[in-house]
Amino acid sequence: MKNRSLVGEAQEVQRAVALIRFGARLQVLEGEIALSRERLLRLYKEVAGKSPAKGMLPFSTDWFTTWQPSIHSSLFFNIYQTVKRAKGIARVDALIRAFGLYTEHLTIAGLPQVLTVTRAWRLVKFFDAGLLDSAPCTECAGIFVIQKYDLKRNFVCGLCHMPARAGKTRRAAEDALALDTGDAVLAAA
Ligand SMILES: [Zn+2]
């Protein structure tokens with residue numbers, strides 16, 4: 001850390017602040033931000049007004065492919081893939097930008113946020129590690145997050161083939177997806 005420029009350090013602080021404002025767990029900051037743990041803790045307390053939650057991150061890949069989370073995960077993942085195509089963008093900046101767009105979409109559609117920034121970060125990690133994959137739905141052609149060993153060829157998404165108890169939130173989920181596969185994201189691709 002000794003030789004880092006002031007500008008580089010300011011950039012790291014800016015990234016950390018963005019992640020903390022999104023509600024990121026300390027593990028996300030430690031994984032993505034090149035600042036000491038002490039500085040991250042100080043930043044966290046200053047920005048969030050409290051100490052970070054303690055404990056492990058309990059997420060397995062399963063969560064991302066259960067019904068409602070899978071729709072939000074896929075929404076975020078499509079945005080992330082588009083943002084990531086920008087030349088020279090750092091992974092952490094793609095995460096921050098994509099998560100910001102994800103929450104904006106939800107705000108506009110009046111939908112609750114299901115994916116936290118910590119889970120979004122894990123999602124990206126799981127993809128990078130090859131533990132999650134994506135596949136197009138054979139009915140609606142949307143791209144969805146799937147488990148590594150799920151069959152891709154005849155994949156049908158959770159919106160086209162929905163569990164009965166999910167009926168209540170179908171409309172909301174469809175709205176979320178419409179925003180995702182709609183012109184806004186695809187046009188930028
Ligand atoms: Zn579908």
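Of the 189 residues of the protein, 43% count as buried, where buried means under 20% relative accessible area, exposed means over 50%, and partly exposed is what lies in between (1.4 Å probe, protein chains only). Keep in mind that this is a predicted model, in which local features need pLDDT of at least 70, side-chain atom pairs count only at pLDDT 80 or more, and totals for chains, interfaces and linings use all residues. Residues are numbered from 1 along each chain as its sequence is written, and side-chain values use heavy atoms, with hydrogens and water left out.

**Overall layout**

The secondary structure comes to eight helices and two strands. Helices (H or I, at least four residues) and strands (E, at least two) are DSSP runs, numbered from the N terminus. Walk along the sequence and you get α-α-α-α-α-α-β-β-α-α. As for contacts, meaning heavy atoms within 4.5 Å, 55% of those between residues at least 6 apart in sequence join residues at least 24 apart.

| Helix | Residues | Number of residues | Span, first to last C-alpha | Expected span |
|---|---|---|---|---|
| α3 | 37-48 | 12 residues | 16 Å | 16 Å |
| α6 | 117-128 | 12 residues | 17 Å | 16 Å |

Which residues of α3 are buried? They are L40, L43 and Y44. These cover an arc of only 105° around the axis, which puts them on the same side of α3; the arc is that of the directions from the helix axis to the C-beta atoms. Their packing partners are α1 (6-21) and α2 (26-32). After α3 comes G49, with a positive phi near 75°.

Nine of its 12 residues are buried, so α6 is largely enclosed by the rest of the structure. The buried set is V117, T118, R119, A120, W121, L123, V124, F126 and F127. Those residues pack against α1, α2, α4, α5, β1 and β2. Following α6 is G130, whose phi is positive, near 75°.

Is S73 buried or exposed? S73, which sits in helix α4 (residues 67-84), is buried, with a relative accessible area of 0%. Apart from its neighbours within four places in sequence, S73 touches W63, F64, L115, L123 and V145. One of these, L123, is among the buried residues of α6.

Over in helix α5 (residues 91-109) there's L101, which counts as partly exposed at 31% relative accessibility. Neighbours within four places aside, L101 is in contact with I79 and V83. L101 and Y80 are 21 residues apart in sequence, and their C-alpha atoms are 9.0 Å apart in space.

Strands β1 (residues 132-136) and β2 (residues 143-147) run antiparallel and are joined by five bridges; two strands pair if DSSP finds at least two bridges between them.

Most residues other than glycine have a negative phi. A141 counts as exposed, at 55% relative accessibility.

**The zinc site**

Which atoms coordinate the zinc ion? The SG atoms of C137, C140, C157 and C160 do, at 2.3 Å. Donors here are N, O and S atoms within 2.8 Å of the metal (3.2 Å for Na, K and Ca); water is not among the atoms, so sites may look incomplete. Along the chain, the donors follow the spacing C-x2-C-x16-C-x2-C.

The site is tetrahedral, with angles of 104 to 115° among its four donor atoms; four donors count as tetrahedral if all angles lie between 85 and 135 degrees. The ideal angle for four tetrahedral donors is 109.5 degrees.

As for accessibility, C137 is buried, with a relative accessible area of 3%, while C140 is partly exposed at 34%.

Definitions and conventions: Expected span 1.5 Å × (residues − 1). Tetrahedral: all angles 85-135°; square planar, octahedral: opposite > 155°, others 65-115°.
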